[in-house]
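Me: I've got this one open and want to go through its pockets and strands. Start me off with the residue classes, please.

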Amino acid sequence: MNLRMIEMVVPRETAREAHEQLEDKNTVGTWTYNLEDGSALLRILLDANQTEGISDMLSDNYGREEGFRIILFAVEATLPLPEAEEEEKEAETGEQPPEEEEPQGPARVSREELYTDVTAGSELTPVYLAMVVLSTLVAGVGLILDDVATIIGAMVIAPLLAPNVSLSLAATLGDVELGWRSFKANAAGLSVSFVTAFLMGLLFTVDPGSEEMISRTMVNLKHIIIALAAGSAGVLAFTRGVPAAIVGVMVAVALLPPLVGVGLLLGAGYMQLAVGAAILTFTNLICINLAGVLTFLAQGVRPRSWWEEKKAKKASRTALIVWLVLLAIFTAIIWYWGQFDVEAMIP
């Protein structure tokens, strides 16, 4: 069971009322502690799937109370285990406990936890740009040496995952500010990676006929499936509250090597081959964001208030139309590019 702890600070009378409301919510446990200033601390241990519904209920009912605040914690472990606790009670009483329903929820972490996790990695910072440069250098060396292991090592760094996921979340929630921040971080990361790879192409000998390089220039419709799966998997990693490092590798498979390939080939003077890698890069970028928005919508990620939800529906609809139109355009471009013999372009 993936557990969370909600702490709510409210006046004491309000805390008692909220405690009573939570008795039929099938939480793991609820405790109330009186504080010295006349307020009370209500602690709720519950399944992660329940956090959004419970926190929304508490915010709607008590959000205007003086000193109101909700804090959400991830719980690493609890003893005794919830299942063991039930078995112990059964052994002590000798009675079969009433069959409880499974905790109801959207099968994901709460909206607030998701927002915090996603936006934390979407800031344009020197550390982020340094990670982009480092991953590009490793990927570039891997492509030049035709070494699969080195390329995979570059993808483990995966700095481009968070900006793309946050861009999809911004479109889903209609959050213009988050969308602009995510766009800047994404554009800066892609630009820095391209410039770094271009300089490497100028300085080092690039073999356009190597297996790893040519695979980034021979674009076909199967690459669309890979990019769509990568985008969806990246979003699912965040919404389930699991480490996204492994999924970041999958997103990097779709974004980093083709982008680095574009820079290396242009820097080395192979213009025609660079076109194929550029087509693959832009197609993957479109697919990742399209799949991200669709997955957030399928997971039921919505704003809390109805007026924000109206704006979010319009924003997500617009984003889907834009990404679908761009995907249709690049699908046609991929089909047209497939009519050429790419290997014949190699000097």
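Reply: Ala, Val, Leu, Ile, Met, Phe, Trp, Tyr, Cys and Pro count as nonpolar, Asp, Glu, Lys and Arg as charged, and the others, Gly among them, as polar. This is a predicted model, where local features need pLDDT of at least 70 and side-chain atom pairs pLDDT 80 or more, while totals for chains, interfaces and linings use all residues. Residues are numbered from 1 along each chain as its sequence is written, and side-chain values use heavy atoms, without hydrogens and water.

Me: How does the lining of the second largest pocket divide by class?

Reply: That lining has 17 nonpolar, six polar and one charged residues. A pocket is an open set of points on a 1 Å grid over the protein atoms alone, with protein on both sides within 12 Å along at least five of seven lines; lining residues have an atom within 4 Å of a point. Its volume, the space filled by probe spheres set on the joined points, is about 400 Å³.

Me: Which residues lie nearest its centre?

Reply: Leu-167, Phe-183, Asn-289, Val-322 and Trp-323, out of 24 lining residues. Helices (H or I, at least four residues) and strands (E, at least two) are DSSP runs, numbered from the N terminus.

Me: Back to Phe-183. What does it pair with?

Reply: Trp-180, in a stacked pair (ring centres within 6.5 Å, planes under 30 degrees apart). The two rings sit 5.9 Å centre to centre with 20° between the planes. Both residues belong to helix 8 (residues 176-203), three residues apart, about one turn.

Me: Why does Phe-183 count as partly exposed?

Reply: Because its relative accessibility is 46%, and partly exposed runs between buried (under 20%) and exposed (over 50%), with a 1.4 Å probe and protein chains only.

Me: New topic. How many residues of strand 3 are buried?

Reply: Eight of its nine (residues 39-47), so strand 3 is largely enclosed by the rest of the structure.

Me: What runs alongside strand 3?

Reply: Strand 1 (residues 3-11) is antiparallel to strand 3 and joined to it by nine bridges, with Ile-6 opposite Ile-44. Strand 2 (residues 29-34) also runs antiparallel to strand 3, through six bridges, and Thr-32 there has Leu-42 as its bridge partner. Strands pair if DSSP finds at least two bridges.

Me: What about the hairpin of strand 2 and strand 3?

Reply: Four residues lie between those strands, and Gly-38 takes a positive phi near 95°.

Conventions
Phe/Tyr/Trp six-rings, centres within 6.5 Å; stacked < 30°, edge-to-face > 60°. 1 Å grid on protein atoms, 1.4 Å probe; cavity = no way out; pocket = protein on both sides within 12 Å on 5 of 7 lines; lining within 4 Å.
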